[in-house]
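Student: Could we go through this structure together? I would like to begin with helix packing and then turn to salt bridges.

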Amino acid sequence: MFGGDLPEAIPIFPLSGALLLPRGVLPLTIFEPRYLRMVSNAMANERMIGMIQPLVTETPAGKPDLYQTGCVGRITAFNETEGGHFLIMLTGVSRFDIARELPEHDGYRRVIADYSRFSEDPKPEPTDQIDRSHLLDVLRLFIKRNAVEVEWEAVTALADEPLVISLTMTCPFAANEKQALLECQSLAERSRVLTTLLEMTLLAPDLGVNAQPN
């Protein structure tokens, strides 16, 4: 084990446009055979899976190159459908850098994870430097411009950290923009970058991307 109770060797799920952050919750539908095996193996062990983005959305046959930083999460909910698909909830624990890639196991990729840059990730972050009012003002304009249906009272009821985490994970940014948000050094920096990206989408509202596994 590495970084407290975090495993050094982890399976990874390369998925463009999908972002997991510490204390965020990511719902996933698993249907590819190799990833069904990955989840089954994870459930039998530490229940940990690393989410990471490939460097390109679409790739030819073969393994795509990956961004160097991802986030490991713990499977906190699991259901199997009648069709044999898995419905899981992955709760983010800590970001990691790829130290090196291991040989594939059962068709899925694995890495040695280096958590050393992110030792503070398991702890809630201070929120005193977040400009909440400006973020919500920009978000309201984004929702109106894009005709997005949201429960505004539920959004505004969120505390600062869950608000920034939820918006970062769910807003339809491009993969490289989501990666920049993942790699922010603090919650305050992530909030500033998030606000800027929302302001940019007001000029070009159709920047959404579809998550594609690799």
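Student: What is the handedness of the crossing where helix 4 passes helix 6?

Tutor: Helix 4 passes helix 6 in a left-handed crossing, a term used if the near helix is turned anticlockwise from the far one by less than a right angle, clockwise being right-handed. Helices here are DSSP runs of H or I with at least four residues, strands are E runs of at least two, and both are numbered from the N terminus. This is a predicted model, in which local features need pLDDT of at least 70 and side-chain atom pairs count only at pLDDT 80 or more, while totals for chains, interfaces and linings use all residues. Residues are numbered from 1 along each chain as its sequence is written, and side-chain values use heavy atoms, with hydrogens and water left out.

Student: At what angle do helix 4 and helix 6 pack?

Tutor: Helix 4 (residues 160-170) and helix 6 (residues 187-201) pack at about 50°, with their axes 10 Å apart. Axes are lines fitted to C-alpha atoms over the stretch in contact, and angles run from 0 to 180 degrees between N-to-C directions. The two helices are therefore oblique to each other; angles under 35 degrees count as roughly parallel, over 145 as roughly antiparallel, 65 to 115 as roughly perpendicular and the rest as oblique.

Student: Which residues meet there?

Tutor: From helix 4, Glu161, Val164, Leu167 and Thr168 meet Leu187, Arg190, Ser191 and Leu194 of helix 6, contact being heavy atoms within 4.5 Å.

Student: Now to salt bridges: how many are there?

Tutor: The count comes to nine salt bridges, each a side-chain nitrogen of Lys or Arg within 4 Å of a carboxyl oxygen of Asp or Glu. One of them joins lysine 63 to glutamate 101, with the closest N and O atoms 3.8 Å apart. Lysine 63 lies in the loop between strand 3 (48-52) and strand 4 (69-80) and glutamate 101 in strand 5 (residues 86-105), so this pair ties together parts 38 residues apart in sequence.

Student: And what is the N to O distance between aspartate 121 and arginine 95?

Tutor: Their side chains meet in a salt bridge at 2.9 Å, N to O. Aspartate 121 is in the loop between strand 6 (108-114) and helix 2 (132-146), and arginine 95 is in strand 5, 26 residues apart.

Student: Is aspartate 121 buried or exposed?

Tutor: Aspartate 121 is buried, with a relative accessible area of 7%, and arginine 95 is also buried, at 6%. Buried means under 20% relative accessible area, exposed over 50% and partly exposed in between (1.4 Å probe, protein chains only). Lysine 63, at 47%, counts as partly exposed.
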